[in-house]
Amino acid sequence: MSAPTPNNAASVRTASGSADTWRTKASARSSRSSREEHNQLHVEYILVAEFSIDKGPTMEHQYPNAISGDEHMLAELMLPDQAHVRFQDWTIFFLHKDAEQNEDQMDPTGHAPLIYVLNLVNTKHDKEAKRGAKVKAMAICTRHSFLHIYKPILLLALEEYFKSPTLDTLAELFTAVNSMDLSPMPRLSIFERQVLAASDKKEMFSEKFDEMAMGSPNSVTHQIRSPSATGMITASDQDGELRPTTYIDLAPGRNKVVNGKITINRDSHEFETKVVYNGIPVPIRVPVAVLPETVGDFSLIQLITTFSNPHSQNPQPFALHPHLTTNGPYTHPIMVLVNGLLTQKRIVFLSHGRPSGDVADHVLAACALASGGVLRGFTRHAFPYTDLSKVDELLLVPGFIAGVTNPTFANHPGWWDILCNIDTGRVKISPEIKMSGQSDGATIFGNMTNMVGNIDTGDNQFMDDILHCISSRFGEKAVRARWRDWVVRFTRMAAAFEEMVYGASALWIGHEENHVIRGHGFVWPDEQTKIRDLTANMARIEGWRGSRSYHAYAQDVQQFYMAKPIKILDLHHHMDRLRTLRMSHEDSGKIYTALKDYVVEYEEINQLLCVIPENQGGLFPIAVGLFHPVQKVRFAVVELLERISTHMAGRHFFSSLNKFQKLAFIRLQQEKMNTVESPNTGLTIAGLSIGGAVTKS
């Protein structure tokens, strides 16, 4: 939330790892051109701090100029507690700057963009130094949320600074990191980012790299593989593989010709570049599809495992709270954490025995967990590392997520609502937490409890699935995809809840009377199941409705709606109907026909692919239409799949169809081609006319 501007134009407010800088309007105008120039830099500032036996944490240098504000506060953040007892430690914190910038530069939540700070602390034993060691920290300040890419460079740079502690060393680093060339990296649309982030296919959107290498994103057609002259995909093509004529790779020497086909050993999820520092070429891999609230290289698996193992071995009941214990006293601790994040509770991650970098990783993972790459508003109020001296300012921030290493925090339950002890793996709800009052939904759903029987959010069952996913080594990407599905499901249920309680929802925009097929939102098999789910999630939904992430998501819904090329059909709703309901042939036929009519252009296909991720079966519900009893519908599905199979991303979805589905597709292509219009009625089925002469079968 925006803070009032103090009278002192140069003042800084630093709260537990975040610094806010205010300037007067005149000062902001005079520095706007330089700020815009800085926004083009990969790294805007380089900071160096040292721990002095006499003075404590002190700032040595800020390059190329001072960030301004409280230098001592920044130095304390760069030199965390107990840093001197470790050879090396990493920390992350955020700076809030440029609060007076133009509206077109502003973050959609109304805040200026964050500056992410990656900080490295090293301890060097030196007999000539006081107490036999030197402790220095170096930090880089960047607008890139993928700040972890700078870790290898920072390791080299701090080592060099110990040898040559001069501004020239910092200047060389500043020049090196800002010479990194990202101009050939593909710029993806919102739909392309979602498709790529949800996919395990390493070649997904690989053509985008080729377009950028050719110098013009528009110089290469999006239809990268054409069907044969007959408009058919032949049996030899049924694997859906790309057969290009030319490839231009950014890393020469990796193109290989196998059986007459050119292949590239590249993962399109990352853009490979390099930074040459001190004569050493450092390879850098930049993530191409960065979703909201994804900062650094955290691990959701590590976060979930930390707080799941003790619970599974010895479950301990929680004191009941309507927002947090959504599955009763034995709600899984990870769900308690997520519920706390969604309902904007004050959350502290504590570890006394681990490096502050480990604590920061847990904080960043928690933000991403609740976001699911969908919701925003967590990292802006997150403090991956803070210390006891900043607790007063920390408590002024509503709904903070903080990482600490001082055990004193555990003894003050008034400072937090949820305490996550990383050392013990236990989550604790504060006995001083405020309880929620009577809700609007309780008036409606409270009377329906007897109608729906046993009420269960399914949270514990979902966590069992997540833990099975982890134990089966499905990997980090699979875990993130499942959490994204959960968050999307929650937001769609919240929209249905609002429509039932308040008559309309800020989370759904559209005019259903203009839709070619009625229906929108989440799909339930029957009304009783809908009431049961909304009743079970009522407290969590109403707690979320008062949070920052809810209001930010409502804004995102509006922007996302404007970006949709297809507004005349709720694709997500109707794909869910095909996936989950036993539909009549007439109703399913209407959906398949509408998809054929309205999913035509490149971005329209991307919009469809976003709602049929591979972990939910991909094209399977569409491929079922190949066996529809009505020939016209089957042909519509064939036409739709033909478009998808030649689409840059769709071809990978098509290649995942099983052989039975692909053979049915090829057979229907042939049948469609052989179907000849009757001179009398024009109605034919499988080569036989109705009401006319027999056509060639």
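Predicted model: local features only at pLDDT ≥ 70, side-chain atom pairs only at ≥ 80, totals over all residues.
Student: How many residues apart are W486 and F490?
Tutor: They are four residues apart, about one turn of the helix. An α-helix has 3.6 residues a turn, so residues three or four places apart point the same way.

Student: Are W486 and F490 buried or exposed?
Tutor: W486 is buried, with a relative accessible area of 8%. F490 counts as buried too, at 2% relative accessibility.

Student: Which residues form one aromatic cluster with that pair?
Tutor: The cluster consists of F462, W483, W486, F490, W544, Y550 and Y553. The structure holds 15 aromatic pairs.

Student: Changing topic: which strands pair with strand 3?
Tutor: Strand 3 pairs with strand 7 (residues 133-142) in the antiparallel sense, over seven bridges. Strand 4 (residues 56-63) also runs antiparallel to strand 3, and seven bridges join the two. A hairpin of three residues connects strand 3 to strand 4.

Student: Which residues are bridge partners there?
Tutor: V43 has T142 in strand 7 as its bridge partner, and I46 has Y63 in strand 4.

Student: How many residues of strand 3 are buried?
Tutor: Eight of its ten residues are buried, so the strand is mostly covered. E44 is found in strand 3, and at 2% relative accessibility E44 counts as buried.

Student: What does the side chain of E44 contact?
Tutor: A polar contact of 2.6 Å joins the side chain of E44 to that of R143.

Student: Where do charged ends sit over rings?
Tutor: One example is K124, whose charged end sits over the ring of F162, 5.6 Å from its centre. K151 lies over the face of W90, at 5.2 Å from the ring centre.

Student: Last topic: how many disulfides are there?
Tutor: The count comes to zero disulfides. As for cysteines, C367 is buried, with a relative accessible area of 0%, and C420 is likewise buried at 0%.

Note on methods:
Residues numbered from 1 in each chain as written. Heavy atoms only, no water. Disulfide = S-S within 2.5 Å. Buried < 20%, exposed > 50% of the residue type's maximum accessible area, 1.4 Å probe, protein only. Polar contact = N/O pair within 3.5 Å; in protein donor to acceptor, adjacent residues only side chain to side chain. Pairing = 2+ DSSP bridges. Phe/Tyr/Trp six-rings, centres within 6.5 Å; stacked < 30°, edge-to-face > 60°. Lys NZ or Arg CZ within 6 Å of the ring centre and 35° of its normal.
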